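Here is a guided walk through a protein chain. Keep the structure in view and find each residue as you read.

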Amino acid sequence: MDFGTALKDWRTRRRLSQLDLALRAGTTQRHVSFMESGRSVPGRGMVLRVAESLELPLRERNGLLHAAGYAPTYPETQLGDPAIRPVLDGLRRLLDGHRPYPAIVVDRYGLLVAKNDAFSLLIEGVAPELLEEPVDTLRLALHPRGMAPRVRNLDDWARHILERLRNDLARTPDDRLAAQLAELTGYLPPERPPSADHLGFAVPVRLSTSAGELRLITAITTFATAADVTVSELKLETFLPADAETAERLHTPSAVV
């Protein structure tokens with residue numbers, strides 16, 4: 001895709017007019033129009049300003065630079081590279097510090113990067129093949145041989161996961177993410193209206209475990225200041241007790257081995 005077409009596509013997805021984008025990027029509507037039509041060739045700095053104004057993820061900023069004929073600005077370090085080890089070590093300390101509550105680190109597709117010991121309580125009875133690396137935590141959550149049979153409010157929990165994926169796709173198109181959404185949707189019956197206690201902004205998962213029923217709310221942290229593509233796409237997902245009973249069960253010494 002050429003730069004002008006890519007720019008117009010992203011601007012449309014962000015629901016911005018040419019004037020809106022021009023004001024954000026510190027340029028003129030005429031210049032934006034010329035860039036989209038190919039009548040003006042933007043400099044590297046302008047491409048980066050436009051990408052930032054569109055709030056593009058780092059991977060997509062590199063893509064826009066490539067479309068304009070420039071080399072990527074943001075490195076993409078592999079997880080096994082020693083250069084990224086301090087980041088992963090820091091994340092593992094955060095995971096351990098979150099105990100006795102479960103916590104995980106996943107990549108942009110929900111593949112498991114790291115976990116703490118408390119996560120084992122959530123995956124009791126899961127089919128062994130779902131725990132083979134790389135572990136897809138989204139599949140793990142909704143697969144009939146995964147956590148799904150033990151989720152007491154599966155309709156609401158599944159809707160929460162699928163809506164998050166749909167929102168991600170609406171903001172940033174991705175064929176692999178679209179395939180994941182189709183796969184996960186296939187595991188579930190047709191969606192029903194939300195239950196009376198469905199909050200939307202904070203959906204607790206009600207999970208049957210050997211420690212009793214746990215009601216957990218998830219919180220997701222991303223690294224907005226990251227300058228590396230891989231780090232910017234990591235997500236720290238923590239599971240917090242939604243009631244006193246859950247907190248007490250998780251603090252029981254036998255709950256987490």
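Let's begin at Phe119, which sits in the loop between S2 and H7 (helices, H or I with at least four residues, and strands, E with at least two, are DSSP runs numbered from the N terminus). Before going further, know that this is a predicted model, where local features need pLDDT of at least 70, side-chain atom pairs count only at pLDDT 80 or more, and totals for chains, interfaces and linings use all residues. Residues are numbered from 1 along each chain as its sequence is written, and side-chain values use heavy atoms, with hydrogens and water left out.

Is Phe119 buried or exposed? With a relative accessibility of 4%, Phe119 counts as buried (buried means under 20% relative accessible area, exposed over 50%, and partly exposed in between, using a 1.4 Å probe and protein chains only). Which residues does Phe119 touch, if you skip those up to four places away in sequence? They are Pro102, Ile104 and Leu140 (a contact means heavy atoms within 4.5 Å). Now look for Tyr101: Phe119 and Tyr101 are 18 residues apart in sequence, and their C-alpha atoms are 7.8 Å apart in space.

The loop between S2 and H7 also holds Pro134, and the peptide bond from Glu133 to Pro134 is cis, with omega near -5°. There's another cis bond to find, from Arg99 to Pro100, with omega near 15°. Pro100 lies in the loop between helix H6 (85-98) and strand S1 (103-106). Why point these out? Most residues other than glycine have a negative phi, and most peptide bonds are trans. Arg15 is in the loop between helix H1 (3-13) and helix H2 (18-25), and is exposed at 79% relative accessibility. Glu55 isn't a glycine either, and its phi is positive too, at about 55°; look for Glu55 in the loop between helix H4 (44-53) and helix H5 (58-67).

Next up, charges. Side chains of opposite charge can pair when their charged atoms come close. How many salt bridges does a search of the whole structure find? The search finds 18 (a salt bridge is a side-chain nitrogen of Lys or Arg within 4 Å of a carboxyl oxygen of Asp or Glu). One of them joins Glu129 to Arg145, with the closest N and O atoms 3.0 Å apart. This pair links distant parts of the chain, 16 residues apart: Glu129 is in the loop between strand S2 (112-115) and helix H7 (137-142), while Arg145 is in the loop between H7 and helix H8 (154-171). Glu129 is partly exposed at 41% relative accessible area, and Arg145 is partly exposed at 46%.

Compare that with Arg159 and Asp156, whose side chains meet in a salt bridge at 3.0 Å, N to O. These two are 3 residues apart in helix H8, so about one helical turn separates them. Arg159 is buried at 5% relative accessibility, and Asp156 is buried at 7% relative accessible area.

Salt bridges can also share partners: Arg59, Glu60, Glu76, Arg108, Asp174 and Glu233 are joined this way into one network. Zoom in on Glu233, found in the loop between helix H10 (229-232) and S5. Glu233 counts as buried at 13% relative accessibility. Leaving aside neighbours within four places in sequence, Glu233 is in contact with Arg59, Val106, Asp107 and Arg108.

Charges can sit over rings as well (NZ of Lys or CZ of Arg within 6 Å of the ring centre and within 35 degrees of the ring normal). The charged end of Arg39 is over the ring of Phe34, 4.1 Å from its centre, and Arg176 lies over the face of Tyr109, 4.0 Å from the ring centre.

Finish at H11, where the buried residues are Thr246, Ala247 and Leu250. Seen down the axis of H11, these fall within an arc of 100°, so they line one face of the helix (the arc is that of the directions from the helix axis to the C-beta atoms). The buried residues of H11 pack against S4 and S5, whereas on the other side of H11, Ala244 and Glu248 are exposed.
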